[in-house]
Amino acid sequence: MPASAREDRRPVLSRIDLALRILWGLLGLLAGVYWVHQVLRGEDYERQAENNRMRKVPVTAPRGFILDRNGVVLAENEPSFTLLLYRRETKDLDASIRFVAELFNRPFDEMKRRVERDRSYYDFVPVVLQENLTVSEVGAVQARALEHPELVVQKTERRVYTQGTVAAHLLGQLGEATAEQVAARAKTRPGDESLPQPGEAIGQQGVEASYQDLLAGFSGSRSYVIDSFGREVGESGHVDPMPGNTLQLTIDAGLQHLAEDHFAGKVGAAVALDPKTGEVLALVSAPAYDPNLFTRRVTRAEWDVILTDPNRPLNNRVLQNLYSPGSTWKPFMAYAILKHGIDPKERVFCPGGLTFYGRPFRCHGKHGSVDLATALQVSCDSYFYTMGKRLGIDAIADTGKHFGFGRATGIDLAHEKAGIVPSSEWSATVRKHPWYAGETISVAIGQGPVLVSALQLARALCGIANADGALPTPHLFHIGENVRSGERFVYRPAVKESVAWTGLPRDIVLDGLWRVVNQPGGTAYGSRVAGLDLCGKTGSVQVVGQKEAKKGHLLPEQLRDHGWFIGFAPKDDAQIVVVVFAEHGEHGSSAAAPLAAKMADYWVTKRRAGPPPVVAQAGSAAPRGAN
């Protein structure tokens, strides 16, 4: 072929080569798309195709009952009806939403947002539009079933808290599982069909959340064949739900009621523990709220009432609020004094206050010459100022940490606060400046930057109430029962921490605390109960300065001091530890000690009257959901 002819064909060959490359590229792209749709997403499309002629209606498992330690029902269920919307089966989504909004007299925009929120789910996954339908509302929906086949009434069970607001903070409440919660749980347990589905109610707070897996059970479903109009024409199968397990808590409903009745119209907290096991016998945070509100959709007005309440009823004051311990800190200072070899018989003269580092520190009275036991009895600040200066902040901090302050107790409830135990290292790290020696004087009587929770105080007091210094982990799980097999299991964490009393005169500390309640001059002498043998310590925490505090009865309530009482009974074989906090109660002796004495008397008398509460033998199986 002449060279000129080859030159003439070169552009043609180049075009053919380009065309072939494009063709191969398109074929490769087509193969990739085919692989994605047929292989990678094949199961999804198959499921959607199946749902084009099938309707799968979830059947929620009855949630397990919650009982107190004696079998009193705290939470159970009652029949209820829920309205579901199947988006795939509606021809006009807005019209469907508008029909429901008008039927239930709810804002259209609010219901539209509710549906939009679930846009990320497949459109054959139903959206919960309305819970707790009345019989007439069910009838109204079913009467329009032919017009709105996309709306399905689901029979379910509604959670009922039988005691109303009592024990609200420890029981917690349910709430609809969010997309984030569903995704998070699916990530930790992939393939587990028992996990909550969109729209399902799960525990959001309290033991409802801590033991969600144990209480929830396994949801079932019913599958229906539907026609081209979305009408059910037959049932094709079903999976029966499996109910959740029964959870028996450690609390005593009678003791819980006694404490809650005291706090009617007041603000504060109370917690009672079995010092040997850590079982929580009562846990009160006031004011409370009605957890039954959260078993249905809370209205905006109801939310506004809760959120604008200045007393913050959603706060669990037992483990989430931190306060200065005031003079309830002194028993732990007493341990530090003994631990560092200071003679408990050494006396300090109290003329009503002392001067340290050129600054006067007042005492609430003139106590004269006092030793350790007497200083506890009359709550002499001058004595503890003097001993605190001698110990130094780091020795005090070491003792505080030894009793568990400055960290969570490990109770089986979420959102527990750690508190603060100040030290020279803490000051340098957190506050970025050296510790001031004058601050040690304040910390010695439980003031200054030291902050504790009521629960921490209760656990720490176990270290004094128990002869072996044991510091048990507080817990609410008592007995779990599998409702299908009848198997029972006990959750009792081993005691891993204790304070060492070996070689120390613990009896001197016990004597001082006993005299607080049982001898004239003791700061809680007015709360003594014949035969109870209650030991304890009062405390007050300043909210305003000394000058204003002297006019306490004239101050607005929100500026008055807080009142504490910590105690245990009986002295030589403690069966209960009680901590009571009265927010703006002014004095621990009058606002907190009387309730603590009643709670201790109730429990000790009950134990004397009969055998200890029945406790099942510990099983080998760990409770599902226990942590």
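Trainee: How many cavities of 30 Å³ or more are there by this rule?

Mentor: Rolling a probe the size of a water molecule over the atoms shows where empty space is left. Here the count comes to 2 cavities of 30 Å³ or more. A cavity is a set of points, on a 1 Å grid over the protein atoms alone, where a 1.4 Å probe fits but cannot get out; lining residues have an atom within 4 Å of a point. Grid points are joined across faces, edges and corners, and the volume is the space filled by probe spheres set on the points. This is a predicted model, where local features need pLDDT of at least 70 and side-chain atom pairs pLDDT 80 or more, while totals for chains, interfaces and linings use all residues. Residues are numbered from 1 along each chain as its sequence is written, and side-chain values use heavy atoms, with hydrogens and water left out.

Trainee: Which residues line the second largest cavity?

Mentor: Its lining is Trp329, Phe332, Met333, Ala336, Ile396, Thr399 and Gly400. Helix 12 (330-339) and helix 15 each give two or more residues to this lining. Helices (H or I, at least four residues) and strands (E, at least two) are DSSP runs, numbered from the N terminus. The volume of the second largest cavity is about 30 Å³.

Trainee: How many of its lining residues are nonpolar, polar or charged?

Mentor: There are 5 nonpolar, 2 polar and no charged residues. Ala, Val, Leu, Ile, Met, Phe, Trp, Tyr, Cys and Pro count as nonpolar, Asp, Glu, Lys and Arg as charged, and the others, Gly among them, as polar.

Trainee: Where is the peptide bond cis, with omega near 0 degrees?

Mentor: Most residues other than glycine have a negative phi, and most peptide bonds are trans. The bond from Ala286 to Pro287 is cis. Pro287 sits in the loop between strand 12 (280-286) and helix 11 (300-307). Ala569 and Pro570 are also joined by a cis bond, with omega about -15 degrees.

Trainee: What is the phi of Asn132?

Mentor: It is near 55 degrees, a positive value in a residue other than glycine. Asn132 lies in the loop between strand 4 (127-130) and helix 5 (135-143). Asn132 is partly exposed, at 21% relative accessible area. Buried means under 20%, exposed over 50%, partly exposed in between (1.4 Å probe, protein chains only).

Trainee: In which sense do strand 14 and strand 15 pair?

Mentor: Strand 14 (residues 353-356) and strand 15 (residues 359-362) are antiparallel, over 4 bridges. Two strands pair if DSSP finds at least two bridges between them. Gly353 has Arg362 as its bridge partner.

Terms used
On a 1 Å grid over the protein atoms alone, a cavity is a set of points where a 1.4 Å probe fits but cannot get out, and a pocket is an open set with protein on both sides within 12 Å along at least five of seven lines; lining residues have an atom within 4 Å of a point.
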